[in-house]
Amino acid sequence: GPAPVRASPLARRRAAELGVDLASVKPSDRGVISVADVEAASKPAVTPEARMRRAIAATMSRSKREIPHFHLRHTVDLAPAIAFLEGANAARIPEERVLMGALLVRAVARAARAVPELNARWSGDGGVTSSEVHVGVAISLRNGGLVAPAIRDADKLPLSALMRALVDAATRARAGALRSSEMSDATITLTSLGERGVDEVFPIIFPPQVAMVGAGAVRTRPWVVDGAVVARPLVDLTLAVDHRVTDGHRAARFLLEMEKALAAPTEEP
């Protein structure tokens with residue numbers, strides 16, 4: 001039969017109090033179960049979700065505590081981007097269609113290249129600019145929690161490859177199959193809460209990054225074009241910036257570069 005369970009008399013008493021089956025307890029010391037082993041076995045296991053929530057909480061608390069954030073907002077007319085996508089997708093099968101998310105990632109990547117101070121990491125005494133543009137994309141998981149895997153070299157990918165990378169990252173994130181390098185490689189992050197129907201998001205920067213972009217819902221709203229009020233699909237882009245590395249002037253230029261990229265989208269990078 002199975003080997004008899006070896007446990008100290010105190011451990012046996014504690015197990016009876018807590019309703020712990022001694023056969024399920026791993027002994028930590030010389031094969032004899034102690035009171036501490038029994039108590040450890042009685043605690044509920046920490047789920048990966050709880051662990052992730054704890055890690056996010058620690059990172060975000062550090063971010064708010066240590067990074068002097070400032071935020072900018074800019075409203076962008078997405079009519080040209082939507083028209084471009086309709087044309088680009090007309091000949092594609094549904095699985096290969098490009099979504100607005102890919103154009104937003106491309107716009108962040110272009111702006112990051114144009115305003116390199118925001119494509120950087122904070123090290124003890126300053127921002128260190130990255131020569132590569134790896135855009136982290138915030139993905140909410142079904143069981144709660146959030147990850148932001150990096151789309152590597154997002155500024156160099158044709159749009160269809162960028163879309164494939166986005167779908168792949170989201171699929172693997174939800175399957176729990178991301179590599180840790182994908183989580184740490186991002187040089188700047190985009191969070192898009194548009195599908196939640198909110199207009200604006202004021203992001204909290206992921207350290208050691210120094211900037212984060214938020215995109216709200218695309219909504220049809222009144223907009224003035226050539227002196228006339230017309231209905232246009234608009235998005236509010238917000239930018240959170242670490243004030244230690246740059247100023248409002250550069251941050252404003254970043255959002256204008258994003259607007260430029262969304263006003264004239266292309267398939268090629």
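What follows is a short chat about a few residues in a predicted model.

Visitor: Before we start, what should I know about the model and the numbering?
Guide: The model is predicted, with local features needing pLDDT of at least 70 and side-chain atom pairs counting only at pLDDT 80 or more, while totals for chains, interfaces and linings use all residues. Residues are numbered from 1 along each chain as its sequence is written, and side-chain values use heavy atoms, with hydrogens and water left out.

Visitor: OK, where does glycine 136 lie?
Guide: In strand S4, residues 135-137. Strands here are DSSP runs (E, at least two residues), helices are H or I runs of at least four, and both are numbered from the N terminus.

Visitor: Is glycine 136 buried or exposed?
Guide: Glycine 136 counts as buried because its relative accessibility is 0%. The cut-offs: buried is under 20% relative accessible area, exposed is over 50%, partly exposed is in between (1.4 Å probe, protein chains only).

Visitor: And what does glycine 136 touch?
Guide: Leaving out residues up to four places away in sequence, its contacts include Ala148, Pro149, Ile188 and Leu190. Contact means heavy atoms within 4.5 Å.

Visitor: Switching topic: which peptide bond is cis?
Guide: The one from proline 207 to proline 208, with omega near 5°. Proline 208 sits in the loop between strand S8 (188-192) and strand S9 (211-215).

Visitor: What about phi at aspartate 226?
Guide: Phi there is positive, about 50°, although aspartate 226 is not a glycine. Aspartate 226 is in the loop between strand S10 (219-225) and strand S11 (228-242), and is exposed at 80% relative accessible area.
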